[in-house]
Amino acid sequence: MGRDYEIIKPAQFSEAEGVDDWRVLWSQAFALFRTKNFATGLRLVNEIGRLAEEADHHPDLNLRYGVLEVRLSTHATRSLTDADLDLAQRISAAARDLGVPGDPGAIRTWEFVLDALDVDAVRRFWAAVLGYKLVGDDDIADPLGLYPPVYVQQMDTMREGRNRIHIDLGIPHDAAEARVAAALEAGGRLVSDEHAPAWWTLADPEGNEVDVATWQGRD
């Protein structure tokens, strides 16, 4: 029999005790720990492995020299659940015990977005050429989970005069406005803030677009 999960909304996760290291980006919880060296990172990874096996709930880890990124979500629900919250609290406690600080201001994630009239045809092509798999009705993803996903967005009519490929950038809700301001200061242009704080659409000096997105305004 499968486990019963309680789905948790981003606001519920963010307002819980013991998750100051974590930020919700879309349907996942992220933490970034400054391990300072590889050996400390391995110690934290080993402790996370022990906690994950104990909880029978497993995060995605990305260990680099001096940095460990941790991502949590519940695959069975494609959302955050009580299992993610409990493990996040335990991971942060383990990091504190090892003297490893979190750096929530450095958290981000991103995906490519393709506009398409025939979503299925475009998805099949990009899945084949990238070696990705089809996910849901409009996504394709790396089967190993190592590289950014691609979202194929339905268009009603062919769009002229603007790029049909852009990046969705997930930013912590408490850092998004500063990131938008930095991008504008660096020569970017605000295309639209109609949907802020869920997302702002920006363009670089030559018109290439990015959506700076948070969970706020979506839930």
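These legends describe close-up views of a predicted model.

**View 1. Trp22 and Phe33 form an aromatic pair.** The structure holds three aromatic pairs. In the one between W22 and F33, the ring centres are 6.4 Å apart.

**View 2. The rings of F125 and W126 pair edge-to-face.** Here the ring centres lie 5.2 Å apart. The planes stand at 90°, so the pair counts as edge-to-face, a label for angles over 60 degrees. F125 is partly exposed, at 49% relative accessibility. W126 is also partly exposed, at 29%.

**View 3. A nonpolar patch lies on the surface.** Its members are F38, L42 and Y65. Together they have about 330 Å² of accessible area. L42 belongs to helix α2, which covers residues 38–55. The relative accessible area of L42 is 38%, so this residue counts as partly exposed.

**View 4. Helix α3 runs over residues 82–97.** How far apart are the end C-alpha atoms of this helix? They are 23 Å apart. At 1.5 Å a residue, its 16 residues should span 22 Å, so the two values agree. The buried residues of α3 are A83, D84, L85, L87, A88, I91, S92, A94 and A95. In an α-helix there are 3.6 residues a turn, so residues three or four places apart point the same way. Which elements do the buried residues of α3 pack against? They pack against α1 (10–15), β1, β2, α2 and β4 (67–72). Just after α3 comes G99, with a positive phi of about 70°.

**View 5. T109 is buried in strand β5.** The strand covers residues 109–116. The relative accessible area of T109 is 7%, under the 20% limit, so T109 counts as buried. Which residues does T109 touch, not counting those up to four places away in sequence? They are L25, W26, F30, R71, D168, L169 and G170.

**View 6. K36 and R78 have positive phi values.** Most residues other than glycine have a negative phi. Phi of K36 is near 75°, and K36 is not a glycine. K36 is found in the loop between β2 and α2. Is K36 buried or exposed? K36 is exposed, at 64% relative accessibility. R78 is not a glycine either, and its phi is about 55°. R78 lies in the loop between β4 and α3. At 55% relative accessibility, R78 counts as exposed.

**View 7. A cis peptide bond joins A196 to P197.** Most peptide bonds are trans. The bond from A196 to P197 is cis, with omega near 10°. P197 lies in the loop between two strands, β10 and β11. Strand β10 covers 189–192, and β11 covers 199–203.

Notes: Residues numbered from 1 in each chain as written. Predicted model: local features only at pLDDT ≥ 70, side-chain atom pairs only at ≥ 80, totals over all residues. Heavy atoms only, no water. Phe/Tyr/Trp six-rings, centres within 6.5 Å; stacked < 30°, edge-to-face > 60°. Buried < 20%, exposed > 50% of the residue type's maximum accessible area, 1.4 Å probe, protein only. Patch = residues over 30% accessible without salt bridge, like charges linked within 9 Å, V, L, I, M, F, W, Y side chains within 5 Å. Areas by Shrake-Rupley, 256 points an atom, 1.4 Å probe, with all protein chains shown as cover. Salt bridge = Lys/Arg side-chain N within 4 Å of Asp/Glu carboxyl O. Helix = DSSP H or I, 4+ residues; strand = E, 2+ residues; numbered from the N terminus. Expected span 1.5 Å × (residues − 1). Contact = heavy atoms within 4.5 Å.
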